[in-house]
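Here is a short tour of one protein model, written to be read alongside the sequence and the coordinates. Please keep both open as you go.

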Amino acid sequence: MKKHFKLIVITSSIIFSAIFPSASWAVTVLQEIQQTGVLKVGIRKDSMLFGFENGSGSWTGYCVGFANSLANSLSRQLNTSVSVKAVLSTIQTRESIVRNGLAHIECGPNTISREKEVERGIKYSSAFFITGTQFIVRTANVNANLRNGTLGVFQGATNLRAVTQVFPNTEIQQFAERSQGVSAVRNGQITAFAGDSILLIGEAIRQEWDSKSFEIVPNQPLSCDYYGMILPVNDSQWENTVNSFIVSSQGLDVWKTWFGGLTPYLKGTLDYCKSR
């Protein structure tokens, strides 16, 4: 009888664990970091300014600086040495690497969406960046009527919805890569290319496009997008830790290092979106 009862308890525990994998006794992110001394951060290599490879092939960007600074903060908080393990993230894998525990946090241009949180089993941090859907055009075409031209959009990006709402009858060409779309504008193949303004500026910088030769239009973006870090669900302690660090002096120093010099380009969008 005792053996039978023990078997029932063990079997019930296994079934319960399978149904509720995020039960309260699971190890939290902070506990795992303290045990391993490793902070696992998902970072892109295709998002200029956020996560990319520089000319010498080194992985760099805001998210690399953020990860290193967060690790230093955790070392003090947990009283143990914490190092960063960078995990390659892509637009296709950014949620799954966090959901499956391959990364404790994913840093990149992730538009905060409460619908995606539910659908994809993730949690977004507080916003660390505000941008919006705008177009990059050649300076010579800054006054061109975009309704009469050919517009480009990054395939699969949320910007497509904003563009089709404002320009429902305009020819739209989708590009597999953001770099291709910006190059198409530069070469005169299309009139304008839509995207998050910060990513358009970043790609123009990567292509060494003279700042006097392109413009970001219109002044008021078609949409406002708030970027957040991707976090695992049901770990409020880790969520609070990340949110607090984003607005800390160390977190803001990293932001200023990468984006402070772009304030003239970003101010209009920031002011407009904050006022909405």
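The centres of domain 1 and domain 2, taken over C-alpha atoms, are separated by 27 Å. Domain 1 covers 29-130 + 226-265 and domain 2 covers 132-223, with bounds that come from an automatic or database domain assignment. To the contact (heavy atoms within 4.5 Å), domain 1 brings 13 residues and domain 2 brings 12 residues.

This is a predicted model, in which local features need pLDDT of at least 70 and side-chain atom pairs count only at pLDDT 80 or more, while totals for chains, interfaces and linings use all residues. Residues are numbered from 1 along each chain as its sequence is written, and side-chain values use heavy atoms, with hydrogens and water left out.

## What the interface is made of

About 1000 Å² is buried between domain 1 and domain 2, and carbon and sulfur atoms give 72% of that area. Buried area here is the accessible area (1.4 Å probe) that two parts lose on being put together, summed over both.

The side of domain 1 that touches domain 2 has 10 nonpolar, 1 polar and 2 charged residues. In these classes, Ala, Val, Leu, Ile, Met, Phe, Trp, Tyr, Cys and Pro are nonpolar, Asp, Glu, Lys and Arg are charged, and the others, Gly among them, are polar.

## A three-stranded sheet

Now for an open sheet of 3 strands, ordered β2-β3-β4 with antiparallel pairing. The edges are β2 (46-47) and β4 (59-60), each with a single partner strand, so one side of each has no neighbour in the sheet. Strands are DSSP runs (E, at least two residues), numbered from the N terminus, and two strands pair if DSSP finds at least two bridges between them.

Strand β3 (residues 51-53) pairs with β4 over 2 bridges, and Glu53 stands opposite Trp59 in β4.

## Backbone details to look up

Leu49, in the loop between β2 and β3, has a positive phi of about 85° although it is not a glycine. The peptide bond from Val217 to Pro218 is cis, with omega near -10°, and Pro218 lies in the loop between β11 (214-217) and β12 (224-231).

Terms used: Helices (H or I, at least four residues) and strands (E, at least two) are DSSP runs, numbered from the N terminus.
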